[in-house]
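User: I have a model open and would like to know what stands behind the words used to describe it. Could you take me through them?

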Amino acid sequence: MSPKVGVIMGSDSDLEVMNDALKVLIEFEIPYEVRIVSAHRTPHELLEYAESAKSKGINIIISGAGGAAHLPGMVASFTSLPVIGVPICSPTNPVNGMDSLFSIVQMPPGVPVATVSINGAKNAGILACSILSISDPIIFERIDKFKNKMRDEIKMKNKKIEEIGHDKYLEIYKKTNKGK
C-alpha cells in the first residue's frame with residue numbers, strides 16, 4: 001500500500017521527537033514513509049522529494065526541523081500538498097526551540113505551513129489523520145473514537161477527584177506519572 005503521509009526530518013537526531021507522529025499514524029492505520037531530508041545538506045533531494053510526493057500517493061507531509069528549521073517551509077514551497085511543521089528543540093538548543101517555531105510559523109503569504117507546538121509531533125500526526133478523514137469515513141470514525149475516549153477519560157478523572165479529593169488524587173498522580 002502506498003504511503004498517504006510522508007514524515008520527514010532534517011536529521012536523524014529529530015527521529016525521537018518525530019516518532020510520536022509515527023505512533024499516531026500506526027494507531028490510526030495510516031500508511032506512511034519516513035525520510036531524512038535536510039534543507040541545507042541535501043537540497044536537491046529535498047526538491048525531488050517534495051515534487052514527487054504526490055505521484056507516490058502521499059497526501060500530507062509532516063516535516064520536523066530544529067535550529068533554523070527551513071525544511072517545512074522549503075517543502076511547502078515545492079509542493080501544493082498540505083505541510084505540517086513540527087518545530088524541534090534539541091537538548092543543546094539555547095533558545096528552547098523558539099527559533100524553530102518562529103522559522104516555521106512565519107511563512108510568507110502563499111506558502112502556508114500548518115504548525116504545531118515545539119516537539120508537538122503527536123499533534124502533527126493527529127492533524128494529518130484529521131485532514132485525511134475529510135475524504136475517508138473509516139479514518140473519520142477512528143478520529144471520532146479517539147476523541148470520545150479522551151472525553152471519557154476526563155470524565156473518569158473528575159469522578160475520581162470527587163471521590164477521593166484533589167490532594168489524594170494529586171498524590172496518586174505524582175506516583176504514577178514520574179518521568180512523563
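Analyst: Happy to. Helices (H or I, at least four residues) and strands (E, at least two) are DSSP runs, numbered from the N terminus. Counted that way, the protein chain has 7 helices and 5 strands. Their order along the sequence is β-α-β-α-β-α-β-α-β-α-α-α. The model is predicted, with local features needing pLDDT of at least 70 and side-chain atom pairs pLDDT 80 or more, while totals for chains, interfaces and linings use all residues. Residues are numbered from 1 along each chain as its sequence is written, and side-chain values use heavy atoms, with hydrogens and water left out.

User: Why are H2 and H3 called oblique to each other?

Analyst: Axes are lines fitted to C-alpha atoms, for helices over the stretch in contact, and angles run from 0 to 180 degrees between N-to-C directions. Angles under 35 degrees count as roughly parallel, over 145 as roughly antiparallel, 65 to 115 as roughly perpendicular and the rest as oblique. Helix H2 (residues 43–52) and helix H3 (residues 71–78) pack at about 50 degrees, their axes 8 Å apart, and H2 and H3 are therefore oblique.

User: Which residues of H2 and H3 meet, and how do they divide by class?

Analyst: Contact means heavy atoms within 4.5 Å. Leu46, Leu47, Ala50 and Glu51 of H2 meet Leu71, Met74, Val75 and Phe78 of H3. These contact residues of H2 and H3 comprise 7 nonpolar, no polar and 1 charged. For the classes, Ala, Val, Leu, Ile, Met, Phe, Trp, Tyr, Cys and Pro count as nonpolar, Asp, Glu, Lys and Arg as charged, and the others, Gly among them, as polar.

User: What is the largest pocket lined by, and what makes it a pocket?

Analyst: On a 1 Å grid over the protein atoms alone, a pocket is an open set of points where a 1.4 Å probe fits, with protein on both sides within 12 Å along at least five of seven lines; lining residues have an atom within 4 Å of a point. The lining of the largest pocket includes Asp20, Lys23, Asn123, Phe146 and Glu153. By class, this lining has 4 nonpolar, 1 polar and 7 charged residues. Helix H1 (15–27), helix H5 (121–133) and helix H6 (137–164) each supply at least two lining residues, with the largest share, 5 residues, coming from H6.
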